[in-house]
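User: Please examine the structure shown below and answer a series of questions on its fold, surface and charges.

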Amino acid sequence: MERNDLIENTILKIRRLPEAGIREIHDFAEFLVMKMEDQILQEGIQELTSQSSAFSYLNDEEDLYSVNDLKEHYK
């Protein structure tokens, strides 16, 4: 099914529900939209952070530890 068909089909089913069911679907749709917006915001922050030069000095630092310093090795 394509997007518009899914939307129309869902609307028809929602119209058959009692008010409590409609409110539940509304709340769930709000949750999904907020989750999507949070994901977009988080990805934007990660992109900005990765392009930032605030921590570029760490690239010039010598590594303090290596794999040889591990006491336990997991496979």
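User: How many helices and strands does the protein have, and in what order do the elements run?

Analyst: This is a predicted model, in which local features need pLDDT of at least 70, side-chain atom pairs count only at pLDDT 80 or more, and totals for chains, interfaces and linings use all residues. Residues are numbered from 1 along each chain as its sequence is written, and side-chain values use heavy atoms, with hydrogens and water left out. Helices (H or I, at least four residues) and strands (E, at least two) are DSSP runs, numbered from the N terminus. The protein has three helices and zero strands, and from the N terminus the order is α-α-α.

User: What is the radius of gyration of the protein, against that of a compact globule of 75 residues?

Analyst: The radius is taken over C-alpha atoms, and the globule rule is 2.2 Å times the number of residues to the power 0.38. Along the principal axes, the C-alpha atoms fill a box of roughly 65 × 35 × 25 Å. A compact globule of 75 residues would have a value near 11 Å, whereas the protein has 24 Å.

User: What percentage of the 75 residues is buried?

Analyst: Buried means under 20% relative accessible area, exposed over 50%, and partly exposed in between (1.4 Å probe, protein chains only). The accessible surface of the protein, from the Shrake-Rupley method with a 1.4 Å probe and with only the protein chains shown counting as cover for residues, comes to about 8,000 Å², and carbon and sulfur atoms hold 55% of that area. Buried residues make up 1% of the 75 residues.

User: Which residue forms a salt bridge with R23?

Analyst: A salt bridge is a side-chain nitrogen of Lys or Arg within 4 Å of a carboxyl oxygen of Asp or Glu, and the structure holds one. Side chains of opposite charge can pair when their charged atoms come close. Because R23 and E19 are four residues apart in helix α2, about one helical turn separates them. Both R23 and E19 are exposed, and with the closest N and O atoms 2.6 Å apart, the partner of R23 is E19.

User: Which residues form a nonpolar patch on the surface?

Analyst: Patches are made of residues with over 30% relative accessible area and no salt bridge, where like charges are joined within 9 Å and nonpolar side chains (Val, Leu, Ile, Met, Phe, Trp, Tyr) within 5 Å. I25, placed in helix α2 (residues 19-51), is partly exposed because its relative accessible area is 34%. With about 210 Å² of accessible area together, the nonpolar patch consists of L17, I22 and I25.

User: Which residues gather in a patch of negative charge?

Analyst: Helix α2 holds E24 and also E30. E24 counts as exposed at 58% relative accessibility, while E30 counts as partly exposed at 41%. The residues in the negative patch on the surface are E24, D27, E30, E37 and D38.

User: How far apart are the C-alpha atoms of L32 and A54?

Analyst: L32 lies in helix α2 and is partly exposed, with a relative accessible area of 40%. L32 and A54 are 22 residues apart in sequence, and their C-alpha atoms are separated in space by 33 Å.

Notes: Lys, Arg positive; Asp, Glu negative; His and termini not counted. Charge placed at Lys NZ, Arg CZ, Asp CG, Glu CD.
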